Every structure is written in C-alpha cells, then in structure tokens.
Amino acid sequence: MVSSHLFVIIISMIANIELVSGHLRIFSRERAHLRCSIPDVHRSNWTYLWFRGSEELSQTGEELNLWNTKVQESGKYYCQGTRNTKVGKIRTQQSVPVELKVDGGWAILQVPRHPQLVGSTLEVTCRVRGNPRLEEIILYKDGVEVMRQNGHKPDFYLTNLSLEDLGVYSCRASWDVRRQTLSVISAGAHVQILGEITPNCRMKLICHVQYNAPAPAPPIDFYFYKNNRRLGPATSDNYNVVKQTPGLYSCKARVPQLDLSKSSEPKNFGQIRGI
C-alpha cells in the first residue's frame with residue numbers, strides 16, 4: 001500500500017493586501033473592497049486565501065468584497081497566496097493585516113490610517129449615517145472640545161501638528177428633524193503623531209527569538225524588512241541599526257541547517273518585538 005503525503009512549503013515571499021475602495025472604519029451595511037497581490041515576477045497562477053483573525057474565509061479570489069457589512073465582520077484581515085508545484089503545495093507568508101471596523105452607530109470619525117508627522121496637517125472627517133443636513137459639528141480630543149463649526153463642512157483640519165496633538169479623537173454632530181434637534185457622537189479614534197525626523201536620526205531594530213535546540217545549536221540568520229523589502233543581507237546579529245523613517249518593520253529568523261524560518265508581525269516605525 002502506497003501512502004501519499006501532502007507537503008506545504010512556506011516561502012519567504014510576503015503577500016500584499018490593500019484597501020481598494022471605501023474606508024477602514026465604515027457603517028454597518030456599507031461595503032469594503034480589499035485586494036491581495038503577490039510580488040511574483042514570474043506571474044504564476046496563484047489561489048488566494050483570506051483570513052479574518054484566525055478564521056479562514058471561503059473566498060479564494062484576488063479580491064475580497066464585503067457587501068452589506070455587519071458589526072461582526074470587524075477585525076484584522078490577512079491574505080496569503082498558494083499554488084501547486086511539482087514538489088508540493090507552496091504558500092507565501094501572510095500579508096500585513098488590515099484592520100476593518102464596522103460601526104453600528106450613527107456617527108464615525110474617519111482619521112488617517114498611518115501616523116502623521118510633526119508639522120504636518122491632520123484631516124479628519126465626521127460622517128453621519130444617512131448623510132442628514134447637519135447644523136453643527138464638534139471635534140473632541142480625549143473628551144475635551146477642540147473645534148466646532150457649522151455642519152456644511154464635515155472635515156476638520158489641524159495644522160502644524162505637535163506631539164501634544166496625539167490622542168483619541170471623536171466628534172459630535174447635530175441636526176434638526178421636525179423642529180427637534182438630534183445629536184450623536186462617534187466612537188473614539190486614535191491619532192498617532194511621529195516626532196520630526198532628521199537625517200542623522202537612527203533606530204535599533206531588535207529581533208527576539210525563542211529557539212530551543214540541543215547544543216551545539218545550529219546558527220541563526222536574521223533578516224530585517226521595511227515595507228516587505230529586505231534591509232541588506234542576512235546577519236548573525238539579532239539587531240540592525242537603520243535610518244529612522246516611517247514604515248512597517250519586521251524581521252525573520254532562519255536556521256539554514258534545519259530548514260526552519262519564522263517571521264515577526266510588522267510593527268509601525270519603532271522597535272521590533274518578537275517572534
């Protein structure tokens with residue numbers, strides 16, 4: 001009797017996920033549209049796997065359309081490429097997550113997805129379900145009023161940002177219906193502010209690994225990445241000092257003799273923590 005075994009090989013290629021249309025913070029019953037791509041110069045035929053958290057979704061296409069969304073569909077979405085080869089099934093590494101928040105309330109404050117730099121201008125938008133004709137909108141930071149304006153302009157602009165502008169923002173909107181004034185307030189949304197970057201500013205990326213092997217343990221090669229692009233060749237050191245610039249940083253530890261590898265979750269801008 002001949003038994004067959006299915007081998008799944010995880011390759012170092014990382015899938016990319018992007019928001020095609022809509023926003024990452026939407027009202028229930030609105031639509032979100034995500035796309036997965038594989039940086040494959042050979043343009044092979046890939047099947048796509050989609051995940052919300054640890055749950056694998058049924059869709060297998062390049063694009064994920066979420067129609068008539070529900071609050072329960074909030075979460076971190078990942079994608080991964082897979083295809084059959086002569087040596088078995090191969091899979092890319094999972095993409096950086098995209099976090100979708102589906103709000104069942106009446107108001108949403110939409111803020112930038114990425115951290116803002118000191119000195120730049122922050123734009124936030126207060127949206128109300130059904131788009132009623134608003135009379136007044138108030139912007140709050142950490143529960144304290146920052147600005148108010150008439151409802152014809154749902155966008156707020158905070159110029160010349162400083163680190164003091166970092167915090168949790170929300171908005172309150174009011175409008176009149178049949179001689180009654182209705183008022184709703186959004187959930188809080190975090191706004192991140194990064195300090196000013198100078199050419200001489202450096203940061204240290206550290207890759208923490210739990211590695212249990214009997215002595216003498218085979219050596220580990222460390223790789224560091226920014227926005228899925230490798231930062232130089234492999235190194236035996238678990239750290240790398242790089243120019244301080246905004247981005248998504250990650251690391252990978254590989255044991256060539258054992259054909260083992262593991263990558264960290266990407267982190268925004270700062271020190272890399274752990275595999």
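Predicted model: local features only at pLDDT ≥ 70, side-chain atom pairs only at ≥ 80, totals over all residues.
## Three-stranded sheet

Three strands form an open sheet in the order β11-β13-β16, paired in the antiparallel sense. The edges are taken by β11 (107-110) and β16 (155-158); each has a single partner strand, so one side of each lacks a neighbour in the sheet. On average, neighbouring strands here are turned by 20 degrees against each other, direction ignored.

Four bridges make up the antiparallel pairing of β13 (residues 122-128) with β16. Within that pairing, leucine 122 has leucine 158 of β16 as its bridge partner.

## Disulfides and their pairing

The structure contains three disulfides. With the bonded cysteines numbered in sequence order, the pairing reads 1-2, 3-4, 5-6.

Cysteine 36 is bonded to cysteine 79, with the sulfur atoms 2.1 Å apart. This pair links distant parts of the chain, 43 residues apart: cysteine 36 is in strand β4 (residues 32-37) and cysteine 79 in strand β8 (residues 75-85). The link is right-handed, with 75 degrees about the S-S bond, and both cysteines are buried.

## The two further links

Cysteine 126 is joined to cysteine 171 at an S to S distance of 2.1 Å. Cysteine 126 belongs to β13 and cysteine 171 to β17 (residues 167-177), so the bond ties together parts 45 residues apart in sequence. Its torsion is about 75 degrees, so this disulfide is right-handed. Both of these cysteines are buried.

The sulfur atoms of cysteine 207 and cysteine 251 lie 2.2 Å apart in a disulfide. Cysteine 207 sits in the loop between β21 (202-206) and β22 (221-226), and cysteine 251 in strand β25 (residues 248-255), so parts 44 residues apart in sequence are tied together. This link is right-handed at 70 degrees about the S-S bond; cysteine 207 and cysteine 251 are both buried.

Note on methods: Residues numbered from 1 in each chain as written. Heavy atoms only, no water. Pairing = 2+ DSSP bridges. Helix = DSSP H or I, 4+ residues; strand = E, 2+ residues; numbered from the N terminus. Axes fitted to C-alpha atoms, helices over the stretch in contact; angles between N-to-C directions. Disulfide = S-S within 2.5 Å. Buried < 20%, exposed > 50% of the residue type's maximum accessible area, 1.4 Å probe, protein only.
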